[in-house]
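Hi,

Here is the structure I promised to pass on. Have a look at it first, and my notes on what turned up follow below.

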Amino acid sequence: MPLVFPAAVLEKFLTNSLGIYIHVPFCEKKCTYCNFYSAPPSDDIRNRYIDRTLKELKRWGAETMRPVDTVYFGGGTPSLLKPRELEEILVGIRENFSITKDAEITCEVNPGDDLESFLEVALPLGVNRISIGMQSVNEDELALLGRRHSFLDVQNSVSTLHRKGLDNISVDLMLGLPGSDTYKLDRSIDAAFSLNVPHISAYILKIEENTPLFLCKDKLNLADEDIICDQYIHLCKRLSEHGFEHYEISNFAKCEKFSRHNLRYWQGKEYIGIGPSAYSCLLEKRFHYPADMTEFIKNGTIVFDENGGGLEEFVMLRLRLSFGLDLNELCEKFSISNIDPLLDLAIKLSKAGLCNLSNNRIQLTDEGMLVSNSIILKILGAINENL
Ligand code: SF4
């Protein structure tokens with residue numbers, strides 16, 4: 001059944017561009033820290049997954065009729081798609097949506113997967129950005145994380161991409177690994193620099209329940225909060241010295257090679273996510289496909305989320321970005337007339353080195369980004385005093 005939106009809402013959004021996220025929920029082997037939804041890639045399931053994805057592309061293309069300027073294949077492991085499967089989805093996207101000429105089309109890839117045949121299909125169909133799950137250069141850390149690649153695989157993937165003329169590449173690094181120290185972190189940072197890529201994402205390891213790492217956490221030499229803070233600040237400093245702009249809590253880019261698709265999330269712009277566990281934000285509504293492959297391939301049912309899109313999300317997303325929280329935009333969007341308590345708080349936070357207050361914007365410093373959750377709570381408290 002089509003979604004029904006009030007005419008005024010439709011009018012406001014109809015010309016705005018959309019992003020498309022394709023969740024490829026297949027992993028050859030589960031990494032020890034990961035609780036993302038994924039399923040084993042049997043041929044039967046894959047065929048039915050592709051069929052359903054094509055149906056959903058048709059459904060959303062007809063529903064939205066909007067230009068698309070970012071596409072992101074995430075997972076799971078998109079590079080596990082066979083070339084024919086990747087082609088079917090990319091063609092399905094192009095047949096059902098109008099993709100802008102300068103669209104950013106990103107695929108996450110696992111180093112060590114067959115990139116040559118993947119790119120033979122991906123490049124002619126417009127994939128122009130690749131994100132590589134490097135995580136670390138240290139063999140013991142990769143083994144602990146259950147990653148099925150080495151740094152040599154990462155180097156080979158990057159040289160293949162460079163040889164094919166694709167240089168918009170991102171690599172992921174992980175901080176706060178058990179037993180990690182500055183020496184090991186520096187090795188990984190230096191290795192990432194040696195790849196000559198314009199984008200680095202750096203995530204702090206979170207030990208999630210129901211993961212193999214959680215089950216053996218008491219036996220691990222876990223990094224405490226002080227170590228994690230030191231590593232984060234150290235990494236921010238080294239990346240900044242190397243010319244990377246810290247544009248989002250976990251993301252750094254050179255030459256403005258920001259992830260345009262991910263910026264869409266943080267700026268509260270619209271996107272359609274397709275696949276089990278994928279979320280969407282469309283015409284002021286939030287909805288998702290449940291994390292259930294059987295349900296996805298059988299019915300493609302979506303579930304609407306009650307929450308989302310309010311003041312809390314707005315503040316949280318804006319403060320993730322180095323651009324910061326624009327107080328004029330905040331007041332206008334949420335009809336706030338008195339922001340004095342918020343300004344008082346911002347001045348205190350700025351004296352503590354946690355934010356900068358300039359051009360009527362609150363921008364978190366690297367230190368502030370580390371404690372962003374508690375700052376967001378304080379900011380929401382100060383705003384709510386006057387609502
Ligand atoms: S980290 Fe990525 S490759 Fe590893 S299990 Fe999770 S989704 Fe799969």
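A residue counts as near a molecule when its C-beta atom, placed from the backbone, lies within 6 Å of it. Keep in mind that this is a predicted model.

On that basis, the ligand is surrounded by Cys 27, Lys 30, Cys 31, Cys 34, Phe 36, Ser 38, Gly 75, Gly 76, Thr 77 and Asn 110. Sorted by class, this shell has four nonpolar, five polar and one charged residues.

Next, a pair of helices. H7 (residues 182–194) packs against H9 (residues 225–241) at an angle of about 35 degrees, and their axes are 11 Å apart. The crossing of H7 past H9 is right-handed. On the H7 side, the contact is made by Thr 182, Leu 185 and Ile 189, while H9 brings in Gln 231, His 234, Leu 235 and Arg 238. By class, that makes three nonpolar, three polar and one charged residues.

In general, strands of a sheet pair through backbone hydrogen bonds, either parallel or antiparallel. Here, E14 and E15 (residues 361–364) are joined in the antiparallel sense over four bridges.

Cheers

Conventions: Residues are numbered from 1 along each chain as its sequence is written. This is a predicted model: local features need pLDDT of at least 70, side-chain atom pairs count only at pLDDT 80 or more; totals for chains, interfaces and linings use all residues. Axes are lines fitted to C-alpha atoms, for helices over the stretch in contact, and angles run from 0 to 180 degrees between N-to-C directions. Helices (H or I, at least four residues) and strands (E, at least two) are DSSP runs, numbered from the N terminus. A crossing is left-handed if the near helix is turned anticlockwise from the far one by less than a right angle, and right-handed if clockwise. Two residues are in contact if their C-beta atoms, placed from the backbone, lie within 7 Å. Ala, Val, Leu, Ile, Met, Phe, Trp, Tyr, Cys and Pro count as nonpolar, Asp, Glu, Lys and Arg as charged, and the others, Gly among them, as polar. Two strands pair if DSSP finds at least two bridges between them.
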